[in-house]
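Have the sequence and the structure open while reading.

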Amino acid sequence: MKRLFKNAEVYRDGKTEIEDILIDGTTGKVEKIGRSLSDAEAEEYDLTGKLLAPGLVDIHIHLREPGGESKETIETGTQAAARGGFTTVCAMPNTRPVPDSAETIDELQKKIKKNAVVRVLPYAAITERQLGKSVTDMQTLSERGAFAFTDDGVGVQTAGKMYEAMIEASRLNKAVVAHCEDNSLLYGGMLHDGEKARELGIKGILPASEAVHIARDILLAEETGVHYHVCHVSAKESVRVIRDAKRAGINVTAEVTPHHLMLTEDDIPGDDANYKMNPPLRAQADREALIEGLLDGTLDFIATDHAPHTAEEKNMSIEEAPFGIVGLETAFPLLYTHLVETKAVPESQLLDWLTKKPAEVFQLPYGEITEGGYADLVVIDRHKKQRVDTENFLSKGTNMPFNEWELTGWPVMTICEGNIVWNEKEEKVR
Ligand SMILES: NC(=O)N[C@@H](CC(=O)O)C(=O)O
Ligand SMILES: [Zn+2]
Ligand SMILES: [Zn+2]
């Protein structure tokens, strides 16, 4: 089935212009882009006044399946993604079992094929069961569709294992994606090692627990030539280390989450586990360094680290609850409201951080609207103002600090490979 989107403000090639886009549901591709298009067979949609952008790409999410279905499933997590405007998401491997072998990744691929509403690219683990002891059979995992390798959820504790993994990943032309956290520097910390932790009497997490791991890995990346990508950068020291590495020509890239861009430890109202995530919300100087890092290209793009947990788990105290917050359904309006509407960042820049940049960094054929390219699109109503209502989420997870925030710029329709996977008008997910 063909669809013709008329009079949209189309963002492509760095510009926004009023155009029509004809897509083909059979091939899943964009057939034509231009002015005054018509097609006798196509169903028409008038998008006057709406922004039509490439479908968003999220390199870092947790779908919890298999093993954590009470927190999220491939179905509910990708429904949440579709509603948030995301058409490509990369699923982290801290599941039970961990995708660390041919059997486990094959099983995961089957589940994705059956239940995913948007495109899911699965990560495989760097080490077996993410225990940091022996590197997985990366070649086999690559052949079976591993997007890249990561032990997200934990840091690879020894330099030697990371080095071995990087040599193999480099040979296979795959990225090593790292959760950076040196356990020997944790000291039982739960919040950033700052004012708020002291006030609440909770042990602090040193910025160095992140930055030391990153610095170590960067030297190993230099040695091995691997594409090394840093997850959820939170500390100003980490930004500095990555900036220096890029200047030295080392193949390092990095992401930052919406929550680290928006919040600091000062926003934590008390013992509320909706503010508990790893890495933690840090100080104002860190938040500023993250924004500066994004603007100067030290940090390459934004990823949500959507990390659902059950209400039961998150209703516990900060010291008892698990780390992590959800983000797929609010990422775009949150960033649009607080970066674009405030004029801190041009709309095109925000879109690039959520589409073109992540796709480029991982050499994915998504994240841009082109004739002949995938019909992955999101329609955004820049004027739609709405309060976040976690009760209304499609995700099973409601654990997040942005409930009841009034935000502007909501996705109203998401198209993945030519199929409408979310349409606000019909409150529908495929
Ligand atoms: N970010 C988090 O706080 N939690 C993540 C793990 C992770 O991303 O490291 C989770 O899986 O819950
Ligand atoms: Zn992580
Ligand atoms: Zn994560």
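Two residues are in contact if their C-beta atoms, placed from the backbone, lie within 7 Å. By that rule, H232 is in contact with E255, T257, H260, P279 and D305, leaving aside its neighbours within four places in sequence. The model is predicted.

**Around ligand 1**

- The residues that surround ligand 1 are H62, N94, D152, G153, H179, M277, N278, D305, A307, P322, F323 and G324.
- By class, this shell divides into four nonpolar, six polar and two charged residues.

**Annotated residues**

- An unreviewed UniProt entry lists D152, H179 and H232 under "binding site".
- These residues span 81 residues in sequence, yet no two of their C-alpha atoms are more than 10.1 Å apart, so they gather at one spot.
- D152 and H179 from that record also belong to the shell around ligand 1.

**H179**

- H179 lies in the loop between β10 (176-178) and β11 (191-192).
- Is H179 buried or exposed? H179 counts as buried because it has 24 C-beta neighbours inside 10 Å, and the cut-off for buried is 20 or more.
- Not counting residues up to four places away in sequence, H179 touches T150, D151, D152, G153, V154, G155 and C231.

**H232**

- H232 is found in the loop between β13 (228-230) and α7 (236-247).
- With 23 other C-beta atoms within 10 Å, H232 is buried.
- Among the contacts of H232 is D305, a residue that also surrounds ligand 1.

**The sheet of three strands**

- Strands of a sheet pair through backbone hydrogen bonds, either parallel or antiparallel.
- Three strands form an open sheet in the order β6-β7-β8, and their pairing is parallel.
- At the edges stand β6 (56-61) and β8 (119-122), each with a single partner strand, so one side of each is left without a neighbour in the sheet.
- From one strand to the next, the twist averages 20°.
- Strand β7 (residues 86-91) is joined to β8 by four bridges.
- A91 stands opposite P122 in β8.

**The sheet of five strands**

- Another open sheet has five strands in the order β9-β10-β13-β14-β15, with parallel pairing.
- Its edge strands are β9 (149-150) and β15 (301-302), and each pairs on one side only.
- Two bridges join β9 to β10.
- T150 stands opposite V177 in β10, and T150 is also one of the residues that H179 touches.

Key:
Residues are numbered from 1 along each chain as its sequence is written. Chains are lettered from A and ligands numbered from 1 in the order in which they are written. This is a predicted model: local features need pLDDT of at least 70, side-chain atom pairs count only at pLDDT 80 or more; totals for chains, interfaces and linings use all residues. A residue is near a molecule or strand if its C-beta atom, placed from the backbone, lies within 6 Å of it. Ala, Val, Leu, Ile, Met, Phe, Trp, Tyr, Cys and Pro count as nonpolar, Asp, Glu, Lys and Arg as charged, and the others, Gly among them, as polar. UniProt positions are given in the numbering used here, feature names are shortened, and annotations may be inferred rather than shown by experiment. A residue is buried if 20 or more other C-beta atoms lie within 10 Å of its own, exposed if 12 or fewer, and partly exposed in between; C-beta atoms are placed from the backbone. Two strands pair if DSSP finds at least two bridges between them. Axes are lines fitted to C-alpha atoms, for helices over the stretch in contact, and angles run from 0 to 180 degrees between N-to-C directions.
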